[in-house]
Amino acid sequence: METTYYVIAICFGYNTEYWNSSFVNDENTTSNIENAEGFETIESANKELENAVNPFGHKKGWYVSYRDWK
């Protein structure tokens, strides 16, 4: 049985980084998708976006928008 995980990708220019909340000392992002944090449901990924990723981005001065890539 195949399992789907949702990954939060942060794209800027030609670069992409992936969210991993356990990388506190590395500012919570990684350029290595193998180290990305996977979420079992879209709801849990959205909750992380609202509660952690969005505030992190605003603190860094980023313009934050959302796109669902399938």
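Modeller: Gladly, and a definition comes first: axes are lines fitted to C-alpha atoms, for helices over the stretch in contact, and angles run from 0 to 180 degrees between N-to-C directions. Contact means heavy atoms within 4.5 Å. Helices (H or I, at least four residues) and strands (E, at least two) are DSSP runs, numbered from the N terminus. This is a predicted model, where local features need pLDDT of at least 70, side-chain atom pairs count only at pLDDT 80 or more, and totals for chains, interfaces and linings use all residues. Residues are numbered from 1 along each chain as its sequence is written, and side-chain values use heavy atoms, with hydrogens and water left out.

Biologist: At about what angle does α1 run to β3?

Modeller: Helix α1 covers residues 42–59 and lies across β2, β3 and β4. Its direction relative to β3 is about 130 degrees.

Biologist: By about how many degrees does α1 bend at L49?

Modeller: The bend at a residue is the angle between axes fitted to the seven residues ending there and the seven starting there. At L49 the bend is about 45 degrees.

Biologist: What is the order of the strands in the open sheet of three?

Modeller: Two strands pair if DSSP finds at least two bridges between them. Four bridges join β2 to β3, and two join β3 to β4. The edge strands, each pairing on one side only, are β2 and β4. With antiparallel pairing, the order is β2-β3-β4.

Biologist: Which residue in the turn of the β2 and β3 hairpin has a positive phi?

Modeller: F12 stands opposite N15 in β3. The hairpin has two residues between its strands, and the one with a positive phi of about 60 degrees is G13.

Biologist: Which residue of β4 is the bridge partner of Y18?

Modeller: Strand β4 spans residues 29–30 and runs antiparallel to β3, residues 15–19. The partner of Y18 there is T30.

Biologist: Is T30 buried or exposed?

Modeller: Leaving aside neighbours within four places in sequence, T30 is in contact with E17, Y18, F23, N35 and A36. The side chain of T30 also reaches the backbone nitrogen of N32 at 3.1 Å. With a relative accessible area of 8%, T30 is buried.

Note on methods: Buried < 20%, exposed > 50% of the residue type's maximum accessible area, 1.4 Å probe, protein only. Polar contact = N/O pair within 3.5 Å; in protein donor to acceptor, adjacent residues only side chain to side chain.
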